[in-house]
Amino acid sequence: MTTKLMVSVFTLCFILIVLPLSSQAKNIDATDLVIYYSFDADSQTETDVLDESGNGNDGFLHGNNLKFVEGKVNQCIELPGVAAEYISVRNILYEAGIPELSIAVWIKTAQRGIIASWDRSEYFRFGAGDDQLGNTTLIAFDICCPISDWHGDVEVTDNRWHHVVVTFNSEAKRIYVDGELDVEAVPQQQNIGPKEPRFGFIGVGSEAPEFNGVPGPTTWPYKGLIDEFIMFHRVISEEEVMQLANSAGNPFSVEPVGKLSITWGEIKNTRRSE
């Protein structure tokens, strides 16, 4: 085998073996993934935003003024900040305690608003601002039980895109903003909840024991843009937080990072030309 042919074969083997591995490394582990709402055009129906995790936890579009517009990653949803306009999450009824939880999402808002809630007094509430600590600009992650209202230090209600993440297990609860750790603390709880059974909402608080039931509080519904809403029943790592903050598409898909520039046909042609 000639030197040129050997180099060609080595190059092709490198591309076939190494590049797929590097492509895999850029994607997030989907273990314990619960919800993935991309809000892209192909994930919408007349009534729902589709859950692309494969779990069937679609979101019912409650209201007539929820819009799909240009987002941080392809399309996103725009909520008008009205108490009757939100997303009701199908199928996820919490009745037992939640030992581990992570939520990641892109937000763009200029005011206080609830991002997602399964009832602060029974399970948890995640918002830009809160109603208990005088906070209107910082990420809040309020959990039960006992009730622990808690927020970060980085302002997010500046009408700019921010990637925000909250995580919980019995060892630590954390808030990340734009891929960086904002605050962390040791929680008082071994689990989030349980108290009364609750369904959840995106864009408003929850007091709902049944799907699409009673929202609350309704005094500070979310007004602004939400994109790439992802929820896990595990704690995602700092590396995964950074990957999500830098993802330009579906973070669970394997996309080719390059094309094969040398083919077997070209190698044969090289061999014949020697």
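A salt bridge, as I use the term here, is a side-chain nitrogen of Lys or Arg within 4 Å of a carboxyl oxygen of Asp or Glu. Please keep in mind that what you see is a predicted model.

How many salt bridges does a search of the whole structure find? The search gives seven.

Start with Asp48 and Arg90. Their side chains form a salt bridge, with 2.7 Å from N to O. Asp48 belongs to strand 2, residues 48-49, while Arg90 sits in the loop between strand 6 (86-89) and strand 7 (101-109), so this pair ties together parts that are 42 residues apart in sequence. Is Asp48 buried or exposed? Asp48 counts as buried, because its relative accessibility is 6% and the cut-off for buried is under 20%. Arg90, with a relative accessible area of 26%, is partly exposed.

Next, Glu184 and Arg174. Here the salt bridge between the side chains has an N to O distance of 3.0 Å. Glu184 is in strand 14 (residues 180-185) and Arg174 is in strand 13 (residues 173-177); the two are ten residues apart, and the pair links distant parts of the chain. Both partners are partly exposed: Glu184 at 45% relative accessibility, and Arg174 with a relative accessible area of 22%.

That leaves a group with shared partners. Arg125 counts as buried, at 4% relative accessibility, whereas Asp131 is partly exposed at 32%.

Now the histidine. Where is His162 found? His162 is in strand 12, which covers residues 162-168. With a relative accessible area of 8%, His162 is buried, because that value falls under 20%. Its side chain has a polar contact of 2.8 Å with the side chain of Asp158.

Which residues does His162 touch, leaving aside neighbours within four places in sequence? The contacts are Val105, Trp106, Ile107, Glu155, Val156, Val177 and Asp178.

Conventions
Residues are numbered from 1 along each chain as its sequence is written. This is a predicted model: local features need pLDDT of at least 70, side-chain atom pairs count only at pLDDT 80 or more; totals for chains, interfaces and linings use all residues. Side-chain values use heavy atoms; hydrogens and water are left out. Helices (H or I, at least four residues) and strands (E, at least two) are DSSP runs, numbered from the N terminus. Buried means under 20% relative accessible area, exposed over 50%, partly exposed in between (1.4 Å probe, protein chains only). A polar contact is a pair of N or O atoms within 3.5 Å; within protein, one must be able to donate a hydrogen and the other to accept it, and residues adjacent in sequence count only if both atoms are side-chain atoms. Contact means heavy atoms within 4.5 Å.
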